Amino acid sequence: MVLFTFVVMLLNAGREEHTLGSRAAARVGFPAVVVLLAVLATIILRAQGLGSAHLGQGLTSDPNGSNLVVLSQVLFHELLLPFELTSVLILIAILGAVAIARHQGSEAGGSERTAEK
Amino acid sequence: MSFLHQDVPLTWYLLLSAVLFSLGVVGFLIKRNLITVFMSIELMLNAVNLSFVAFAYQWHAVKGQIFVFFVMMVAAAEAAVGLAIIIAVFRTRATLAVDRIDLMKL
């Protein structure tokens with residue numbers, strides 16, 4: 001969300017403009033989404049056997065048990081390799097984001113400079 | 001703190017998830033700003049995450065909750081790259097209206 005806010009600040013775009021297609025999408029989309037929500041709510045309300053979440057109780061029924069123990073047993077023992085792979089994924093994503101945003105910017109700046117000449 | 005020891009039906013979580021998902025679909029259909037459309041997609045993703053984690057609680061599946069953690073990781077990576085692409089698109093086209101961004105290549 002912070003990223004979104006930064007990008008909104010950075011880009012400083014004007015008001016959004018509506019076209020024929022967007023008005024049609026709004027006109028068809030509202031009833032369609034209402035129908036979708038009604039169908040989903042009906043399915044959820046009719047579903048049997050759904051339990052309830054007890055607030056203030058963790059993952060374990062053991063009163064002395066800790067959520068941290070349960071979660072870390074799974075995260076750092078069984079799923080250690082995927083966990084480490086996500087760190088590589090995040091790193092690649094950061095590098096890719098910087099590369100995309102910077103490369104295009106320098107290219108645009110270069111073309112502007114050539115246009116000025 | 002008596003409200004900490006109440007039972008919240010799973011149906012409420014699922015209904016909240018459905019409402020959030022529908023709001024995401026509405027935003028995706030109606031808004032014509034690239035950033036708003038992207039935010040709507042993220043909202044839909046998080047709505048599905050909410051129902052996923054609710055079901056994981058229901059079945060006492062710790063792996064399900066860890067899976068939601070991984071989904072959030074991938075969503076963060078996707079958001080970073082997507083916003084970088086949006087910045088690049090805005091620099092080349094000077095617009096964020098999705099109706100004007102209809103060509104892969106200028």
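Ala94(B) lies in the segment after α3 of chain B, where helices (H or I, at least four residues) and strands (E, at least two) are DSSP runs numbered from the N terminus. Ala94(B) is not a glycine, yet its phi is positive, at about 60 degrees. Most residues other than glycine have a negative phi. His60(B) belongs to the loop between α2 and α3 of chain B and is exposed, with 12 other C-beta atoms within 10 Å.

The model is predicted; local features need pLDDT of at least 70 and side-chain atom pairs count only at pLDDT 80 or more, whereas totals for chains, interfaces and linings use all residues. Residues are numbered from 1 along each chain as its sequence is written, while chains are lettered from A and ligands numbered from 1 in the order in which they are written.

Chain A contains 4 helices and 1 strand, arranged from the N terminus as α-α-β-α-α. Of the 117 residues in chain A, 5% are buried. Within chain A, confidence is highest in helix α3 (residues 67-78), at 87, and lowest in helix α4 (residues 80-116), at a mean of 75. Over residues 108-117 of chain A, pLDDT stays under 50, and the model has 2 contacts beyond four places in sequence for this stretch; two residues are in contact if their C-beta atoms, placed from the backbone, lie within 7 Å.

The contact between the chains takes 49 residues from chain A and 47 residues from chain B. On the side of chain B that touches chain A, the elements giving two or more residues are β1 (7-9), α1 (10-30), α2 (34-58) and α3 (62-93). The largest share of that side, 20 residues, comes from α3(B). Its residues divide into 34 nonpolar, 7 polar and 6 charged, with Ala, Val, Leu, Ile, Met, Phe, Trp, Tyr, Cys and Pro counted as nonpolar, Asp, Glu, Lys and Arg as charged, and the others, Gly among them, as polar. Strand β1 (residues 52-54) of chain A pairs with β1(B) in the antiparallel sense over 3 bridges, pairing requiring at least two bridges found by DSSP. In β1(B), Asp7(B) stands opposite His54(A).

Definitions and conventions
pLDDT = per-residue confidence, 0-100. Buried ≥ 20, exposed ≤ 12 C-beta atoms within 10 Å, placed from the backbone.
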